[in-house]
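My notes follow in the order of the look-ups.

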Amino acid sequence: MQRKEDLFITCPRCKEKNFKNQKKCSECGLVFDKLNYVTNRAGKIAVVKREKEKVLKVDKWPPDVKKYKALLLCGFLGFLGIHNFYLGRYVKGAFSLFVTLVASICILLENYIDYSAFYETFFFIPTAIMFIFWWADFLLIIINKYKIPVAIDYEYFGVKTKNEILQEIAEFDNKQEDKNSDNVENILDFKRKKK
Ligand SMILES: [Zn+2]
């Protein structure tokens with residue numbers, strides 16, 4: 001028996017549910033095979049350059065970042081947002097880093113200056129949010145739900161050129177075309193059997 005998740009892919013750009021054998025998202029037109037050519041490195045560059053239209057947030061681990069590294073960084077240094085910097089979620093990382101630094105300074109100097117009023121009034125909530133981010137991210141990384149910014153990497157680690165990759169995608173598309181007609185039949189079959 002096929003499970004429902006085996007049949008569908010959620011588009012990382014518009015969140016539309018598509019059949020897995022579709023080449024393109026029926027809503028926004030994203031070519032799914034291009035997801036095989038994305039890297040976190042290209043995603044980070046696009047994030048820094050503020051080229052939002054190039055960035056996709058995916059929960060599938062791209063080849064250039066490692067889950068175990070992210071998990072270790074989050075577990076030991078998550079209160080400083082280091083795992084967010086590693087994966088290119090800079091705003092989130094900067095928030096955690098800032099909150100932890102201010103909180104640390106308050107604790108270090110608490111014998112000299114009384115911060116308690118400031119802390120209780122202004123800093124309790126940011127600190128709580130930082131802890132929630134830290135622990136939630138740890139969980140999200142474990143269950144593969146942490147959203148990683150990626151972009152199509154035409155340099156593909158410098159091995160392939162943009163044209164080579166585009167050609168590969170075109171060839172893949174052609175092959176898929178043949179497969180697709182079979183698959184659509186299979187799905188229709190599957191639906192008929194269910195009824
Ligand atoms: Zn889409």
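Entry 1, a pair of helices. I note at the start that this is a predicted model. I began with the orientation of H5 and H6, which are oblique to each other. The angle between them is about 130° and their axes lie 10 Å apart. I recorded the crossing of H5 and H6 as left-handed. I then listed the residues that make the contact: H5 contributes Lys 92, Ser 96, Val 99, Thr 100, Val 102, Ala 103 and Cys 106, and H6 contributes Tyr 119, Phe 123, Pro 126, Thr 127, Met 130, Phe 133 and Trp 134.

Helix H5 covers residues 90-108, which is 19 residues.

Which residues of H5 are buried? I found Gly 93, Ser 96, Val 99 and Thr 100. Viewed down the axis of H5, the buried residues stay within an arc of 140°, so they line one face of the helix. I set beside this that an α-helix has 3.6 residues a turn, so residues three or four places apart point the same way. On the other side of H5 I found Val 91, Leu 101 and Ile 105 exposed. I also looked up what the buried residues of H5 pack against, and the partners are helix H4 (82-87) and helix H6 (116-142).

I counted seven helices and five strands in the protein chain. Read from the N terminus, the order of elements is α-β-β-β-α-β-α-α-α-α-β-α. The protein chain has 195 residues, and 21% of them count as buried. For contacts with a separation of 6 or more, I noted that 56% join residues 24 or more positions apart.

I picked Glu 164, which sits in helix H7 (residues 162-194). Is Glu 164 buried or exposed? Glu 164 has 12 C-beta neighbours inside 10 Å, and a residue with 12 or fewer counts as exposed, so Glu 164 is exposed. I also checked the spacing to Tyr 154, which is 10 residues away from Glu 164 along the chain. The C-alpha atoms of Glu 164 and Tyr 154 are 9.0 Å apart.

Terms used: Residues are numbered from 1 along each chain as its sequence is written. This is a predicted model: local features need pLDDT of at least 70, side-chain atom pairs count only at pLDDT 80 or more; totals for chains, interfaces and linings use all residues. Helices (H or I, at least four residues) and strands (E, at least two) are DSSP runs, numbered from the N terminus. The expected span of a helix is 1.5 Å times one less than its number of residues. A residue is buried if 20 or more other C-beta atoms lie within 10 Å of its own, exposed if 12 or fewer, and partly exposed in between; C-beta atoms are placed from the backbone. The arc is that of the directions from the helix axis to the C-beta atoms. Two residues are in contact if their C-beta atoms, placed from the backbone, lie within 7 Å. Axes are lines fitted to C-alpha atoms, for helices over the stretch in contact, and angles run from 0 to 180 degrees between N-to-C directions. Angles under 35 degrees count as roughly parallel, over 145 as roughly antiparallel, 65 to 115 as roughly perpendicular and the rest as oblique. A crossing is left-handed if the near helix is turned anticlockwise from the far one by less than a right angle, and right-handed if clockwise.
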